[in-house]
Amino acid sequence: MREQNSRRHKLEANTRPAGINRRQDVQEEHSLLYWKRVIGIVFLAPLALVTAVALWIMLWRALRYMDFWKSGEFIWFTIGGLSWAAAWLCGARPIKTYVLGHEMSHLVTARLFGGKIFDWKVTAHGGYVETDKSNTWITLAPYLVPFYTVIVMGVFGIASMFIDLHAPVAVWRLDLVPVNALYYLIGFTWWFHATYTAKTVHIEQGDLKRNGEFFSMMLIFLINVMLLILMFLASSPSPGLGFGEVMRCWWGVARDLIGWLPFL
């Protein structure tokens, strides 16, 4: 795959019209990619590192000192993730389902930015969305937002206005608690998102190249870690694990990192 892409890029370079790199729009594109690379190195990479370490510290504290691993939220999220892992190991490859979520993420984000949708298509081999809008958030939306997780949360959010999600519901002589299904499906769909995001960015992607690969990877990593922190806070049974505590932990990690800079 990479050799084919390399040959394709060489062919494009050889057939490119002479002087095209001197065109103003091409120079502006190169300049934008340069500054995105700078932003990725100077800002996004340190933010991603600090945020990931802060999440690890908060999760470790919760698991070790607060018995977070015993909570229903953590247990059902984990079972959902393990269910997806078992399905994957058994050969499940719902590619068309992923492509649908991928293209719908492009489509919905483009609409949110005021773009018009002219055409879109989804197949097991890929898909596309034709729109008159394009920016960083539109092109990277499928990697930043777990589409099906958002759908699950939206459905249960609407359901919570009519029923008590914590009240047992009799299903086939079993008393099931709807909120457990919520955490299960969040775990299943988030790991589905994480698996295909990792698989897709491993292959050369136009969405990433369009924004600069390093910038895109840092932004994808940072946003997904932040989403994990939000899910962690939402499922935390302890009032001590709030946003303020996360910010104190984050700042402590950042301060320690800054302290280490003279030795790097």
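How many salt bridges does a search of the whole structure find? Before I answer, let me say that what we are looking at is a predicted model, and the search of the whole structure finds 3 of them.

Let me begin with the setting. The protein chain holds 10 helices and 4 strands, and from the N terminus on the elements follow the order α-α-α-α-β-β-α-α-β-β-α-α-α-α. Of its 264 residues, 32% count as buried, while the chain exposes about 16800 Å², of which carbon and sulfur atoms supply 67%. If we take the contacts with a separation of 6 or more, residues 24 or more positions apart account for 71% of them.

Now to the salt bridges themselves. Glu245 pairs with Arg61, with the closest N and O atoms 3.4 Å apart; because Glu245 lies in helix 10, residues 243-260, and Arg61 in helix 2, residues 24-65, this pair ties together parts that are 184 residues apart in sequence. Arg61 counts as partly exposed, at 32% relative accessibility.

Glu245 also meets Arg248 in a salt bridge, at 3.1 Å from N to O, and here both residues lie in helix 10, 3 residues apart, which is about one turn of the helix. Arg248 is exposed, its relative accessible area being 56%. Taken together, Arg61, Glu245 and Arg248 are linked in a network of salt bridges.

That leaves the pair of Lys209 and Glu213, whose closest N and O atoms are 3.9 Å apart, a value to be read against the cut-off, since a salt bridge requires the nitrogen within 4 Å of the carboxyl oxygen. Lys209 is partly exposed, with a relative accessible area of 37%, and Glu213 is partly exposed as well, at 42%.

Note on methods: Residues are numbered from 1 along each chain as its sequence is written. This is a predicted model: local features need pLDDT of at least 70, side-chain atom pairs count only at pLDDT 80 or more; totals for chains, interfaces and linings use all residues. Side-chain values use heavy atoms; hydrogens and water are left out. Helices (H or I, at least four residues) and strands (E, at least two) are DSSP runs, numbered from the N terminus. Buried means under 20% relative accessible area, exposed over 50%, partly exposed in between (1.4 Å probe, protein chains only). Contact means heavy atoms within 4.5 Å. Accessible areas come from the Shrake-Rupley method with a 1.4 Å probe; for residues, only the protein chains shown count as cover. A salt bridge is a side-chain nitrogen of Lys or Arg within 4 Å of a carboxyl oxygen of Asp or Glu.
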